[in-house]
Amino acid sequence: MMKSESIVLAGRIASHFLQEKVKAAHQIVGKGFVNQVCVVETEEHNVIVRMNDKDQYPIFLKERWCLEQAAAVGIPGPETLSVGIMEETAYMIQTVVQGDNGLDATIDTIEIWRKLGEYAKRIHSIPVAGFGERMDPVSSTFYSPPHAGSDGSWQGYIQYNINSLTEHDPLIELGVLTQAESKRVRQWFERLKMETFRFGLCHGDLSLKNTMVDLTGQITLLDWGNAEVTVVPYGDIIHMIRCQIHGEGPNRIELEAFMESYGLNDYELDQMRHVMVLKTFDTLRWAIDQSPDEVDFYAGMARKVLTLVKETSRDGSM
């Protein structure tokens, strides 16, 4: 959709919902948005309209649910006024959050990351059902589209990745790991299978760009499109470390501020490293099956993650 078309459609969506005439509308660009985001102004209201292909409608429903749950545990976020589909376009209408985006805020970024550590702790305490990144809007149960060879459960997820570590593993051919490393990784995954993990909601993209900071210093959390139910606290931290690996995300001091605020111990950090290898390998296997164009990117990421874990894990010796 062209920029001008999306602004016009955002105006129609807002006007239809608010039953008011549109005075002005403009698109917000940048900040790495997946959705098209417009601000629409009427006589009485100022709203944000987020739009995407109609198949993204379930993700907007998931976001609305997550925002409601987060608000209930004291995490500030925009209010969702409406979610729907108009003219083959899924939309979400939200209240405008005042302030500066975290990328442009004048307060010390370490303070934002410290607050995100506190928020993550609260998010991970939200009661959830299921496992995965999709949500059934009726039952609010999360689920994962099952791989061939996996039943969509956490145990099935690990077992699928153990079974994939064979002599003819494409990851060996891609140069991600050697035959000897494959045996070591299998031991890590076997150990994860024996662990009792806690499952919780993860935001999926804790980052400066997904925060707003107002004049009082209050930090609001945005964009729950990547939210998933997975092992906590690992899901969110793994995402941050992956971002760090390809030059985005928190720097070392910011990550330490997050961890300290969250309150992680050494054992949990060690566990997290092995879960990170599991998730990264799984994503690469998904790309091999479903998205060949992304294989090189995810293979590079998997190599970097394995190297990092070998260097930092107390049990990383190969």
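Figure 1. The model is predicted, so local features need pLDDT of at least 70 and side-chain atom pairs pLDDT 80 or more, while totals for chains, interfaces and linings use all residues. Residues are numbered from 1 along each chain as its sequence is written, and side-chain values use heavy atoms, leaving out hydrogens and water. Helix α7, which holds aspartate 236, covers residues 234–245 (helices are DSSP runs of H or I with at least four residues, strands runs of E with at least two, numbered from the N terminus). Not counting residues up to four places away in sequence, aspartate 236 touches His124, Cys202, His203, Gly204, Asp205 and Leu206 (contact: heavy atoms within 4.5 Å). Its side chain makes a polar contact of 2.9 Å with the side chain of histidine 124 (N or O atoms within 3.5 Å, one able to donate a hydrogen and the other to accept it; residues adjacent in sequence count only if both atoms are side-chain atoms). The side chain of aspartate 236 also reaches the backbone nitrogen of histidine 203, at 3.2 Å. Serine 15 is 221 residues from aspartate 236 along the chain, and the C-alpha atoms of these two residues are separated by 37 Å.

**Figure 2. The packing of helices α7 and α8.** Helix α8 is made of residues 252–262, and its axis lies 11 Å from that of α7, at an angle of about 175° (axes are lines fitted to C-alpha atoms, for helices over the stretch in contact; angles run from 0 to 180 degrees between N-to-C directions). The two helices are therefore roughly antiparallel (over 145 degrees; under 35 is roughly parallel, 65 to 115 roughly perpendicular, the rest oblique). On the α7 side the contact involves Ile237, Met240, Ile241 and Gln244, and on the α8 side Arg252, Leu255, Phe258 and Met259. By class, these residues are six nonpolar, one polar and one charged (nonpolar: Ala, Val, Leu, Ile, Met, Phe, Trp, Tyr, Cys and Pro; charged: Asp, Glu, Lys and Arg; polar: the others, Gly among them).

**Figure 3. The crossing of helices α6 and α10.** Helix α6 (residues 179–194) packs against helix α10 (residues 295–312) at an angle of about 70°, and their axes are 13 Å apart. The pair is therefore described as roughly perpendicular. From α6, the contact uses Glu181, Val185 and Trp188, and from α10 it uses Leu306, Val309 and Lys310. Four of the residues are nonpolar, none is polar and two are charged.

Figure 4. The whole structure holds 14 salt bridges (a side-chain nitrogen of Lys or Arg within 4 Å of a carboxyl oxygen of Asp or Glu).

*View A.* Lysine 54 and glutamate 88 form a salt bridge through their side chains, N to O, at 3.0 Å. The two residues are 34 residues apart: lysine 54 sits in the loop between β3 (46–53) and α2 (57–72), and glutamate 88 in the loop between β4 (80–86) and β5 (89–95). Lysine 54 is partly exposed, at 42% relative accessible area, and glutamate 88 is exposed, at 54%.

*View B.* Glutamate 228 and lysine 279 form a salt bridge whose closest N and O atoms are 3.1 Å apart. This pair joins distant parts of the chain, 51 residues apart: glutamate 228 belongs to strand β13 (residues 228–231) and lysine 279 to helix α9 (residues 266–290). Glutamate 228 is buried, with a relative accessible area of 17%, and lysine 279 is buried at 9%.

*View C.* Lysine 209 pairs with aspartate 205 in a salt bridge, with closest N and O atoms 3.1 Å apart. Lysine 209 is partly exposed at 22% relative accessibility, whereas aspartate 205 is buried at 10%.

Figure 5. Serine 164 lies in the loop between α4 (154–163) and α5 (170–173). With a relative accessible area of 15%, serine 164 is buried. A polar atom of its side chain lies 2.7 Å from the backbone oxygen of tyrosine 160. Setting aside neighbours within four places in sequence, serine 164 is in contact with Asp169 and Arg285.

**Figure 6. Glutamate 294, in the loop between α9 and α10.** The loop between α9 and α10 contains glutamate 294, which is partly exposed, at 29% relative accessible area. Its side chain makes a polar contact of 2.7 Å with the side chain of serine 291. Apart from neighbours within four places in sequence, glutamate 294 is in contact with Trp286 and Ala287.

Note on methods
Buried means under 20% relative accessible area, exposed over 50%, partly exposed in between (1.4 Å probe, protein chains only).
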